[in-house]
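User: Hi, I'm new to this one. Can you walk me through it?
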Amino acid sequence: MAAPGPVTPGAPFEPSQPPVIEGFSPSIYNTQESFKEKFLRKTRENPMVPIGCLGTAAALTYGLYCFHRGQSHRSQLMMRTRIAAQGFTVAAILLGLAASAMKSRS
């Protein structure tokens, strides 16, 4: 049985960089996106999610304000509205995921 030949060291492993795999691209986007660019792209893809988040935050803020003022009936109404807005947001996220899955299949 022949002994294996000498092993030449390749490029040193760099832990801060992802491994290079021939023919595989971890991202479909060639350039790095800033936070603002990614936020705008995601908002354009599914505009209902930010609307639901803003509605949730508004209902929560107004409900806490009413609670502070002692308007318990209106505060309870706003907390129920917040739950509805959260449900709307979760549904928008799920529908957006389903739409993008269908889009990627075709």
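Analyst: Start with a term: helices (H or I, at least four residues) and strands (E, at least two) are DSSP runs, numbered from the N terminus. This is a predicted model; local features need pLDDT of at least 70, side-chain atom pairs count only at pLDDT 80 or more, and totals for chains, interfaces and linings use all residues. Residues are numbered from 1 along each chain as its sequence is written, and side-chain values use heavy atoms, with hydrogens and water left out.

User: How many helices and strands does the protein chain have?
Analyst: Three helices and zero strands. From the N terminus, the order is α-α-α.

User: What does the chain average for pLDDT?
Analyst: The average is 84, and 82% of the residues score at least 70. pLDDT is the predictor's confidence in each residue, from 0 to 100. Where pLDDT is low, the predicted coordinates should not be read in detail.

User: And where is confidence lowest and highest?
Analyst: Helix 1 (residues 35–45) is lowest, at a mean of 89. Helix 2 (residues 48–69) is highest, at 95.

User: Where does Asn46 lie?
Analyst: In the loop between helix 1 and helix 2.

User: Is Asn46 buried or exposed?
Analyst: Asn46 is buried, because its relative accessible area is 19%. Buried means under 20% relative accessible area, exposed over 50%, partly exposed in between (1.4 Å probe, protein chains only).

User: What is Asn46 in contact with?
Analyst: Setting aside neighbours within four places in sequence, Asn46 contacts Ala92, Ile93 and Gly96. Contact means heavy atoms within 4.5 Å.

User: Switching to helix 2. How far does it reach?
Analyst: Helix 2 has 22 residues and spans 31 Å from its first C-alpha to its last. That is close to the 32 Å expected at 1.5 Å a residue. The expected span is 1.5 Å times one less than the number of residues.

User: Which residues of helix 2 are buried?
Analyst: Val49, Gly52, Thr56, Ala59, Gly63 and Cys66. Seen down the axis of helix 2, these buried residues fall within an arc of 125 degrees, so they line one face of the helix. The arc is that of the directions from the helix axis to the C-beta atoms.

User: What about the other side?
Analyst: There, Leu54, Thr61, His68 and Arg69 are exposed.

User: What covers the buried residues of helix 2?
Analyst: The cover includes helix 3 (72–105). In turn, the buried residues of helix 3 pack against helix 2. Those in helix 3 are Ser75, Met78, Met79, Arg82, Ala85, Thr89 and Ala92.

User: What follows helix 2?
Analyst: Gly70, whose phi is positive, near 90 degrees.

User: How many residues does helix 3 have?
Analyst: Helix 3 has 34 residues and reaches 50 Å from first C-alpha to last, close to the 50 Å expected. Ala99 has its place in helix 3. Ala99 is partly exposed, with a relative accessible area of 46%. The C-alpha atoms of Ala99 and Glu45 are 9.8 Å apart, while 54 residues separate them along the chain.

User: What does UniProt say?
Analyst: The unreviewed UniProt entry places the feature "transmembrane region" at residues 48–67 and 83–102. UniProt positions are given in the numbering used here, feature names are shortened, and annotations may be inferred rather than shown by experiment. In the model, residues 48–67 are 100% helix and 0% strand, with end C-alpha atoms 28 Å apart. Residues 83–102 are also 100% helix and 0% strand, with end C-alpha atoms 29 Å apart.
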